[in-house]
Amino acid sequence: MQIESRGDRIFNIINYTILILVTLIVLYPLLFVLSASFSDPQTVLRGEMLLWPKGFNLNSYVKIFQNQDIISGFTNTLIYTSLGTLINLTMTILAAYPLSRKDFVGRNAIMALLVFTMFFSGGLIPTYLLIKNLGMLNSLWVMIIPNAVSIWNIIIMRTFFQQSIPNELQEAATIDGCSNIKILTRIILPLSMPIIAVTILFYAVGHWNAFFNALLYLSDKEKFPLQLILREILIQGQTNDMVKMSTESAIKQQREVEGIKYAVLVVANLPVLALYPFLQRYFVKGVMIGAIKG
């Protein structure tokens with residue numbers, strides 16, 4: 001058993017102290033928002049609620065799920081996220097696999113062109129005109145096609161294929177009569193679950209949090225994603241639509257609005273937070289293996 005020196009013990013104490021402080025700083029806002037969503041809004045406005053819920057009630061959640069805009073936004077976001085992530089993953093794999101093959105002629109030139117697009121783009125106005133000419137304005141596809149693939153994720157996945165899967169394994173499969181499609185589906189993909197899980201997580205979180213494209217290209221409120229509805233509620237103060245107009249007191253209205261804001265934040269972020277535990281065992285391995293890019 002290795003004996004720790006005095007310097008190692010001091011380092012560990014400082015290191016653990018810093019990590020605990022950082023963890024508390026990160027966790028406190030999350031716990032505060034969660035507790036505030038279940039608390040009496042009056043106690044939150046007065047600053048009486050610090051960590052645990054006070055005056056437990058579910059009125060804010062009831063008002064949220066009675067609001068059709070939030071239900072519609074939640075449904076739209078699920079569609080954009082699931083369909084968009086599927087397309088993202090498919091295109092990333094189909095691009096990364098051939099670029100990882102040493103026998104693919106012109107792969108360096110294609111890679112250079114792809115990397116070029118990471119640094120230079122046409123700009124916002126030309127992109128808008130292009131999407132308009134393609135007829136994608138105010139449609140489902142405007143939330144998916146413009147971000148159909150990430151060059152960064154292609155580089156990471158290509159690096160994973162090159163470094164983690166022996167080339168001899170692919171050569172043996174070729175000798176046995178496997179086509180490139182069979183090599184990809186029966187050998188490469190089953191051995192690539194860590195990077196696939198990480199890629200799914202990156203793309204899904206990106207789609208779930210996306211609102212800028214919707215702000216630019218969508219005009220029909222029935223097609224708005226949840227984040228755009230949330231933006232209207234938090235920034236533009238449109239929670240009054242969810243508060244009954246029969247409420248006489250302006251103070252009571254303000255309380256209800258405050259509770260709705262916290263509850264909407266919880267509803268908007270809970271699905272993404274719930275996704276992490278299922279991919280956690282792949283996450284660290286996938287990120288580390290694809291971390292060296294060449």
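Which residue forms a salt bridge with Asp 69? The partner is Lys 221, and the closest N and O atoms are 3.4 Å apart.

## Basis of the model

This is a predicted model, in which local features need pLDDT of at least 70 and side-chain atom pairs count only at pLDDT 80 or more, while totals for chains, interfaces and linings use all residues. Residues are numbered from 1 along each chain as its sequence is written, and side-chain values use heavy atoms, with hydrogens and water left out.

## Overall make-up

The chain holds 13 helices and 0 strands. Helices (H or I, at least four residues) and strands (E, at least two) are DSSP runs, numbered from the N terminus. Of the 294 residues in the chain, 36% are buried; buried means under 20% relative accessible area, exposed over 50%, and partly exposed in between (1.4 Å probe, protein chains only).

The accessible surface of the chain is about 17,700 Å², and 67% of this belongs to carbon and sulfur atoms. Areas come from the Shrake-Rupley method with a 1.4 Å probe; for residues, only the protein chains shown count as cover. Among contacts (heavy atoms within 4.5 Å) with a separation of 6 or more, 70% are between residues 24 or more positions apart.

## Salt bridges

There are 2 salt bridges, defined by a side-chain nitrogen of Lys or Arg within 4 Å of a carboxyl oxygen of Asp or Glu.

Arg 101 and Asp 103 form a salt bridge with an N to O distance of 3.0 Å. Arg 101 is buried at 13% relative accessibility, whereas Asp 103 is exposed at 53%.

## Nonpolar cores

A nonpolar core is a set of buried Ala, Val, Leu, Ile, Met, Phe, Trp, Tyr and Cys residues joined through side-chain atoms within 4.5 Å. The largest has 34 residues, and those with the most contacts inside it are Ile 64, Ile 70, Val 142, Met 143, Leu 218 and Val 264. Helices that each supply at least two residues of this core include helix 1, helix 4 (68–100) and helix 10. Helix 13 gives the largest share, 9 residues.

Beyond its neighbours within four places in sequence, Leu 218 contacts residues including Tyr 80, Val 142, Met 143 and Phe 224. A second, separate core of 22 residues includes Met 111, Ile 156, Ile 165 and Ile 183.

## Helix 10

Helix 10 (residues 193–209) has 17 residues and spans 24 Å from its first C-alpha to its last, close to the 24 Å expected at 1.5 Å a residue; the expected span is 1.5 Å times one less than the number of residues. Because 12 of its 17 residues are buried, helix 10 is largely enclosed by the rest of the structure. Among the buried residues are Pro 194, Tyr 203, His 207 and Trp 208.

Ser 35 lies in helix 1 (residues 6–37) and is buried, with 7% relative accessible area. Not counting residues up to four places away in sequence, Ser 35 touches Met 49, Leu 51, Trp 52 and Pro 53.

Ile 10 is also in helix 1 but is partly exposed, at 39% relative accessibility. Ile 10 belongs to a nonpolar surface patch that includes Ile 14, Val 22 and Leu 34, with about 750 Å² of accessible area for the whole patch. Patches are made of residues with over 30% relative accessible area and no salt bridge; like charges are joined within 9 Å, nonpolar side chains (Val, Leu, Ile, Met, Phe, Trp, Tyr) within 5 Å.
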